[in-house]
Structure formats: structure tokens, C-alpha cells
Amino acid sequence: MKLEAVTIFPEYFDSLKLSLLGKAQSAGLIEIAIHDLRAFADGNHKSVDDTPYGGGAGMVMKAEVWGAALDPILSSKSELIILTPAGKKFNQAMAQELSQAEQIVFACGRYEGIDSRVTDHYRAQGISVREVSIGDYVLGGGEVAAMVMIEAITRLIPGVLGNPESLAEESHNEDGFLEYPNYTKPANWRGIEVPEVLLSGNHGEIAKWRATQAIKRAQENQ
Ligand code: 6GU
């Protein structure tokens with residue numbers, strides 16, 4: 001899978017060299033390319049934004065600059081993700097879907113967002129364009145959101161995760177989450193005992209206990 005991001009802050013993505021994602025790149029499982037939006041801006045000022053039509057606060061990122069940056073990297077096979085707090089909420093199901101893609105391009109908007117015609121234009125070209133948000137809060141820009149998505153998507157690619165059993169176990173659960181509480185040694189820590197059933201070796205009882213705990217926790221955290 002090829003993952004690309006267009007941003008005015010390429011350095012944000014330096015952390016993708018770390019840990020599992022760094023290894024996945026070295027192993028050739030994924031390829032990451034980060035593009036500096038400003039390289040596609042014109043004029044002395046290299047400006048990437050302008051005032052909004054209709055007035056109002058803030059600045060809007062220019063369609064011409066985004067078009068120049070995206071044209072050379074998009075094809076009919078691309079998944080274009082436009083990051084915006086107004087987008088569709090990212091979740092595990094969307095991560096699963098996107099983990100099948102050949103190429104994902106993340107357009108990281110700043111300011112008040114990107115001129116809406118960018119979405120319209122690439123959709124009209126037959127490219128899959130999704131406006132995506134990672135949650136109900138406002139960030140300064142799409143960079144961190146793109147990294148969240150990259151981490152969630154790439155760990156679903158076979159070979160990326162160190163321990164494939166973690167993925168298999170997650171997939172038993174409808175939402176893909178391990179919701180029951182976990183414990184490791186020692187069996188007593190600061191006077192708190194690990195639940196006895198987990199020491200019993202009775203796998204049926206353990207599975208039942210975990211299911212009950214998962215439901216309880218899900219209700220508590222709603
Ligand atoms: Cl994708 N962008 C911004 N700026 N804020 C967000 C977001 C994205 N998702 C949640 N909040």
C-alpha cells in the first residue's frame with residue numbers, strides 16, 4: 001500500500017519512521033510519501049490560502065494550489081481523504097475498508113479548510129473522495145488526524161503487526177476492540193489481586209468472565 005500526505009507541515013510526519021511503521025516501510029509492506037503543499041504555490045509569497053467568498057472569519061486553502069499538488073499523485077485507483085472536522089467520523093469499519101486500498105492520499109487542511117471545489121472536482125473525475133473527521137473536537141489541522149488514520153489502517157495490513165494473534169482476537173469482537181480488563185504478573189500488586197478465574201486455567205470460564213466484563217465496561221464508557 002502506498003500512503004501519501006499533502007501538508008504545509010511535512011515534519012509532522014517524521015514520527016512515521018518509528019516503531020512498527022518504520023519496520024513496515026523497511027520490509028516493503030507500505031510506502032509513505034509526504035508532499036509539501038507550499039512547493040505548489042505561486043508568486044513571491046507562496047500563499048496557500050485566501051479570504052472566504054461570502055465573508056466570515058479565517059482563511060480558506062486555495063483550490064489551485066491543492067489541484068497542482070494532487071493532480072500528479074492521484075489516479076482512478078486512489079482513495080483521497082480530505083481531513084476536516086465536518087467530515088464523516090472515522091471508525092474501525094472505515095479503517096478495515098481502507099486497509100484494502102492500493103493508494104491513499106491524505107489532504108491535510110489547515111485554517112478554515114480547503115475550497116470545496118477540490119472535493120467536487122476529483123469526485124467528478126471518478127476518484128473516491130471522502131471527507132473524514134477523527135472525532136467531535138476541533139484540531140488545528142488535519143496532520144495529526146491523518147497520522148491517527150495511518151496508524152489504524154496500516155496495522156490491519158498482513159505482516160505489519162508484530163503479533164498477528166492480536167488482530168485475530170480483535171476480529172472475534174464485533175467492533176474489533178478488546179474490551180475486557182487485562183492483567184499480567186504479579187498476581188498481587190499493592191494488595192490488589194488478579195481475578196481468580198484468570199488463574200484457573202478454565203478457558204470456558206475465562207471466556208465467559210471476559211464477555212461479561214466487556215459488556216459492563218462498554219456500558220460504563222457510553
Ligand atoms: Cl480531520 N481536522 C481538524 N482540523 N479537526 C478535527 C478533525 C480533522 N477531526 C476531528 N477534529
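The following legends describe close-up views of a predicted model. Local features require pLDDT of at least 70 and side-chain atom pairs pLDDT 80 or more, whereas totals for chains, interfaces and linings use all residues. Residues are numbered from 1 along each chain as its sequence is written, and side-chain values use heavy atoms, with hydrogens and water left out.

**View 1. Salt bridge between Arg130 and Glu79.** The structure holds 11 salt bridges, each defined as a side-chain nitrogen of Lys or Arg within 4 Å of a carboxyl oxygen of Asp or Glu. In this pair, the closest N and O atoms of Arg130 and Glu79 are 3.2 Å apart. Arg130 belongs to strand 7 (residues 128-133) and Glu79 to strand 5 (residues 78-89), so distant parts of the chain, 51 residues apart, are linked (helices are DSSP runs of H or I with at least four residues, strands runs of E with at least two, numbered from the N terminus). Arg130 and Glu79 are both buried (buried means under 20% relative accessible area, exposed over 50%, partly exposed in between, with a 1.4 Å probe and protein chains only).

**View 2. Salt bridge between Glu143 and Arg110.** The side chains meet at 3.0 Å, N to O. Glu143 lies in helix 5 (residues 143-154) and Arg110 in the loop between strand 6 (103-108) and helix 4 (117-124), so the pair ties together parts 33 residues apart in sequence. Glu143 is buried at a relative accessible area of 0%, and Arg110 also counts as buried, at 15%.

**View 3. Salt bridge between Glu64 and Lys62.** Here the N to O distance is 3.5 Å. Glu64 is exposed, with a relative accessible area of 61%, while Lys62 is partly exposed, at 22%.

**View 4. The largest pocket.** This pocket holds about 380 Å³ of space. On a 1 Å grid over the protein atoms alone, a pocket is an open set of points where a 1.4 Å probe fits, with protein on both sides within 12 Å along at least five of seven lines; lining residues have an atom within 4 Å of a point. Grid points are joined across faces, edges and corners, and the volume is the space filled by probe spheres set on them. Of the 27 lining residues, Leu83, Thr84, Pro85, Ala86 and Gly113 are the closest to the centre. Strand 5, helix 4 and strand 7 each give two or more residues to the lining, and strand 5 gives the most, with five.
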